[in-house]
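Subject: Structure handover

Hi,

Here is the structure I promised to pass on. My notes follow below it.

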Amino acid sequence: MSLSELFDLSGRIAVITGAGGGLGRALSEAMAEAGADVVCADLDLEAANQTAAAVLALGRRALPLRCDVTQQRQVKAMVAETLAFGGRLDILFNNAGISHRPAPLHKLRSADWHRVLAVNLNGVYYCAREALKVMVKQGSGKLINIASIWGMSGSARIKPLPAYTASKGAVVNLTRELGLEYGPLGINVNGICPGFFATGMGNGAFANPDFVSAVSAVTALGRVGQPREMKGAAIFLASAASDYMCGHMLVIDGGALAH
Ligand SMILES: NC(=O)c1ccc[n+]([C@@H]2O[C@H](COP(=O)([O-])OP(=O)(O)OC[C@H]3O[C@@H](n4cnc5c(N)ncnc54)[C@H](O)[C@@H]3O)[C@@H](O)[C@H]2O)c1
């Protein structure tokens, strides 16, 4: 296989949840740039439409969808519409995710705990389950879960996010478990742990210079990441280049976890 074939996604059908957000847009563009057609799913249909327009501008087909990943019926419909759109489902990025108002656990509102777990963990479960039904039949697939460095470490030195860190830690170990369960069936399940990327995450935290300074200071490269800097890892994990990887979390964090 030539170098370009290794990273080529021509003819593949990729589904991105949370496609209208900062990383979701970059993941969708990356899939399109590598040759895939893209289902752009988001709770916010207008944002999904904008990402789909970016995919079309790159010369690929796009299907914008409204899908709330906490709703099993909507997730089933997303997969059914994907099959109607492309006849297969080769790549799923479980990317939709939310944070919550910072609070130590004894002050955390239980509604925040349940909402964050519903999106960040139950959503991954529902989407993975429906996509895997298709991938098992195909005997192939790339399932990529977007966790966080705060699924591998605590967050409280920057801000206390107990529900968020618990949800992402669960996604990290679910990825390992699914790697074991589905690797033998020809499906690569891996994940990405992003560090600090300038998106709309965290209720505008990245628009706050104090937050940006604080996280830059704990990052070896001394700055936050831009969403486009996620593209290489995304194409790698979605393509044949990562065929011998399974149950692995790729940390893309500018060195934040290195200390
Ligand atoms: N930006 C960072 O620094 C960072 C760091 C670590 C991990 N992450 C993870 O990356 C992923 C993407 O985050 P982002 O930074 O692009 O944030 P973002 O807020 O820009 O995008 C998140 C997207 O998810 C969508 N969404 C929210 N709830 C949903 C639901 N129930 N169903 C479907 N879509 C829903 C939102 O509408 C939004 O478009 C998340 O899982 C996040 O936890 C981000």
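Strand β6 (residues 187-194) runs parallel to β7, and four bridges join the two. Two strands count as paired if DSSP finds at least two bridges between them. Strands (E, at least two residues) and helices (H or I, at least four) are DSSP runs, numbered from the N terminus. I192 has L250 as its bridge partner in β7.

Before going on, two notes on the source. This is a predicted model: local features need pLDDT of at least 70, side-chain atom pairs count only at pLDDT 80 or more, and totals for chains, interfaces and linings use all residues. Residues are numbered from 1 along each chain as its sequence is written.

β6 also pairs with β5. Six bridges join β5 to β6, again in parallel. Here I146 has I192 as its bridge partner in β6. Eight of the eight residues of β6 are buried, so this strand is largely enclosed by the rest of the structure. Buried means 20 or more other C-beta atoms within 10 Å of the residue's own; exposed means 12 or fewer, partly exposed is in between, and C-beta atoms are placed from the backbone. Both faces of β6 are covered. I187, V189, G191 and C193 are buried on one side, and N188, N190, I192 and P194 on the other.

Now the whole sheet. Seven strands form an open, parallel sheet in the order β3-β2-β1-β4-β5-β6-β7. β3 (62-66) and β7 (249-252) are the edge strands, each with a single partner, so one side of each has no neighbour in the sheet. The twist averages 15° from one strand to the next. Axes are lines fitted to C-alpha atoms (for helices over the stretch in contact), and angles run from 0 to 180 degrees between N-to-C directions.

C40 has P64 as its bridge partner in β3. Four of the five residues of β3 are buried, so β3 is largely enclosed by the rest of the structure.

- α2 lies across β1 (13-17), β2 (37-42), β4 (91-94), β5 (141-146) and β6, at about 165° to β2.
- α3 (residues 45-57) packs on the sheet and touches β2 and β3, making about 175° with β3.

Contact here means C-beta atoms, placed from the backbone, within 7 Å. Q50 is found in α3. Q50 is partly exposed, with 16 other C-beta atoms within 10 Å.

Next, the core. The largest nonpolar core has 74 residues; A14, M31, V38, C40, A41 and A131 touch the most other members. A nonpolar core is a set of buried Ala, Val, Leu, Ile, Met, Phe, Trp, Tyr and Cys residues joined through C-beta atoms within 7 Å. Its largest share, ten residues, comes from α5. Leaving out residues up to four places away in sequence, A41 touches V15, I16, T17, A19, A48, L65, C67 and M78.

Last, the ligand. 29 residues surround the ligand, and the closest are G18, G21, L23, G97 and T199. The elements giving two or more residues to this shell are α2 (22-33) and α5 (110-138). α2 gives the largest share, three residues. The shell cut-off is a C-beta atom, placed from the backbone, within 6 Å of the molecule.

Best wishes

Note on methods. Two residues are in contact if their C-beta atoms, placed from the backbone, lie within 7 Å.
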